[in-house]
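Subject: Structure for your review

Dear colleague,

Please find below the structure that I am handing over to you. My notes on it follow directly after the sequence and coordinates.

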Amino acid sequence: MSDRLNRRTFTKAGAAVTLGLTASQTSRVLGANDRVRLGFIGVANRGGQLMSAFLSHDDIEVVALCDVCKSTLEKANQRVDGKATTYGDFRKLIDRDDIDAVVIATPDHWHAIQTITACDAGKDVYVEKPLSITVREGRRMVEAARRNERVVQVGTHRRSSEIYAKLAELTDAGKVGKITVSRAYRLSNMYPTGIGRVKPSTPPADLDWDMWLGPRAERPYQSNIAPYKFRWWQLYSSQMGNWGVHHLDAIRWLTGELAPASISALGGRFAVDDDRTVPDTLEVTFQFDSGRLAIFGQYEASGNPALRSGEIELRGTQGTVYVSGRGFEIVPERGGQFQDRKPRMEPMNVDAKGSNRNLTALHARNFLDCIKSREKPHADVEIGHRSTSMSLLANISLATRSRLEWDAQRETITNNEEANKLLHYEYRKPWELK
């Protein structure tokens with residue numbers, strides 16, 4: 001099964017597969033004009049951005065907020081005039097009967113536990129990318145959504161982009177020929193000091209550090225881990241997951257791929273002197289059985305552009321595409337050695353013209369619509385799981401210094417048993433993966 005269904009039906013109202021819920025299976029049946037009651041778990045940085053996206057829609061009500069940092073929680077509540085009930089423990093928020101859906105923007109190592117708990121409690125879920133921090137977590141999240149017949153939208157917001165949808169129609173129709181190579185990059189010159197080097201210290205008085213760690217092992221607080229810099233620590237996130245998932249998800253959509261057959265990652269901490277546990281320089285190549293490569297580079301010791309333009313390059317036999325949220329350009333190919341040198345297609349430039357600017361708000365709108373219609377959202381949990389798995393497998397390839405052969409149906413690595421052990425980890429008690 002590929003992403004072809006999603007590519008072809010993006011703009012066709014009602015064409016998405018429904019979740020098959022009946023009135024007795026939902027906590028509340030919502031009509032088209034009903035307000036969706038939301039609870040937000042994690043309200044710093046991205047969580048705040050998601051609040052803005054959802055508050056731009058008139059048919060929502062923010063009834064509860066949760067964060068492990070009290071000052072962050074109080075600041076977020078001021079945005080809704082102090083009307084939301086606040087919590088330090090997400091389980092108390094999820095236990096409320098008057099919440100239709102939760103929006104999760106916690107560190108990556110929390111996504112699985114919170115999403116599964118919410119689904120089991122009958123709540124729909126919007127969860128930020130990457131979906132999970134392990135492949136096994138991701139599959140359990142899909143299972144939880146399906147057994148509870150929940151709408152679960154993953155925050156790969158390009159899936160709600162009209163520009164990307166239009167391009168997907170063109171690539172699906174073969175307009176740029178056979179795409180053999182796709183490329184995307186995370187570029188930022190963090191040399192020389194990156195996230196810095198700091199010693200463990202006492203956590204801020206208003207931060208529940210033990211709750212922040214959750215299922216991960218107990219360790220002293222460090223100011224270059226929380227609240228934002230956890231993205232450079234492998235135990236809690238990764239830049240491959242933070243950025244790679246966005247671009248790899250778009251590449252999967254535009255090429256109709258389900259999963260790679262093999263993954264090879266090279267890189268390390270080559271130049272930046274900081275406490276990070278992820279590379280400052282990384283390049284991953286994914287190979288698909290259909291006959292194409294996808295390349296993702298994480299360059300954090302050099303920031304100059306790697307592409308002619310845009311954020312993703314698709315190299316087809318008829319034309320090369322450069323796409324971003326602002327639009328896309330198709331540059332015609334010309335025949336090379338022994339071939340006719342004439343252009344193989346007409347050039348094309350498509351501009352978003354403002355309709356595509358706030359993708360997060362569009363993605364939130366799709367989620368709200370699907371809560372009411374019970375259709376699968378643009379970035380359904382299975383889609384998010386497959387795209388997240390690519391980034392997680394890249395991390396495993398780097399950690400084991402090996403090329404991995406991937407069985408996408410059984411979701412197992414077939415050529416390296418040690419690598420298979422990294423598909424999950426043992427949670428710190430009392431947390432468990434359901």
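Which residue in S5 does Ala-101 stand opposite? Its counterpart is Asp-124. The two strands concerned, S4 and S5 (residues 124-127), pair in the parallel sense over four bridges. Please note that the model is a predicted one.

Overall form

The protein chain contains 12 helices and 16 strands. Its C-alpha trace spans about 70 × 55 × 40 Å along the principal axes. A compact globule of 434 residues would have a radius of gyration near 22 Å, and the value of 22 Å for the protein chain therefore agrees with that expectation. Of the 434 residues, 58% are buried. Among contacts with a separation of 6 or more, 69% are between residues 24 or more positions apart.

The six-stranded sheet

S4 and S5 belong to an open sheet of six strands with parallel pairing, in the order S3-S2-S1-S4-S5-S6. Strand S3 (85-87) and strand S6 (152-154) stand at the edges; each has a single partner strand, so one side of each is left without a neighbour in the sheet. On average, neighbouring strands here are turned by 20° against each other, direction ignored. Helix H3 (residues 70-78) packs on this sheet, where it touches strand S2 (60-66) and S3, and its direction makes about 165° with that of S2.

Two residues in loops beside these elements deserve mention. Asp-81, in the loop between H3 and S3, has a positive phi near 60° although it is not a glycine. With a relative accessible area of 64%, Asp-81 is exposed, because that figure is over 50%. Thr-106 sits in the loop between strand S4 (101-104) and helix H5 (111-120). Its relative accessibility of 12% is under 20%, and Thr-106 therefore counts as buried. The side chain of Thr-106 makes a polar contact of 2.7 Å with the side chain of Gln-114. Apart from neighbours within four places in sequence, Thr-106 is in contact with Ile-41, Gly-42, His-111 and Gln-114.

The ten-stranded sheet

A further open sheet has 10 strands and mixed pairing, in the order S14-S13-S12-S11-S7-S10-S9-S8-S15-S16. Its edge strands are strand S14 (348-351) and strand S16 (412-413), each of which pairs on one side only.

With strand S11 (residues 312-316), S7 pairs in the antiparallel sense over five bridges, and Val-181 stands opposite Arg-315 in S11. With strand S10 (residues 292-299), S7 runs parallel, joined by seven bridges; here Ser-182 stands opposite Ala-294 in S10. Elsewhere in the sheet, strand S12 (residues 319-324) and strand S13 (residues 327-332) run antiparallel and are joined by six bridges, with Gly-319 opposite Pro-332 in S13.

Helix H11 (residues 381-400) lies across strand S8 (262-268), strand S9 (281-288), strand S15 (404-407) and S16, and runs at about 60° to S8. Gly-384 is located in H11. At 1% relative accessibility, Gly-384 counts as buried. Not counting residues up to four places away in sequence, Gly-384 touches Leu-131 and Val-154. The C-alpha atoms of Gly-384 and Gln-153 are separated by 8.1 Å, while the two residues are 231 residues apart along the chain.

Arg-374 lies in the loop between helix H10 (359-373) and H11. Phi of Arg-374 is near 65°, again a positive value in a residue other than glycine. Arg-374 has 12% relative accessibility and counts as buried.

Pro-227 is found in the loop between H8 and helix H9 (239-255).

With kind regards

Note on methods: Residues numbered from 1 in each chain as written. Predicted model: local features only at pLDDT ≥ 70, side-chain atom pairs only at ≥ 80, totals over all residues. Heavy atoms only, no water. Pairing = 2+ DSSP bridges. Contact = heavy atoms within 4.5 Å. Axes fitted to C-alpha atoms, helices over the stretch in contact; angles between N-to-C directions. Buried < 20%, exposed > 50% of the residue type's maximum accessible area, 1.4 Å probe, protein only. Polar contact = N/O pair within 3.5 Å; in protein donor to acceptor, adjacent residues only side chain to side chain. Rg over C-alpha atoms; globule rule 2.2 N^0.38 Å.
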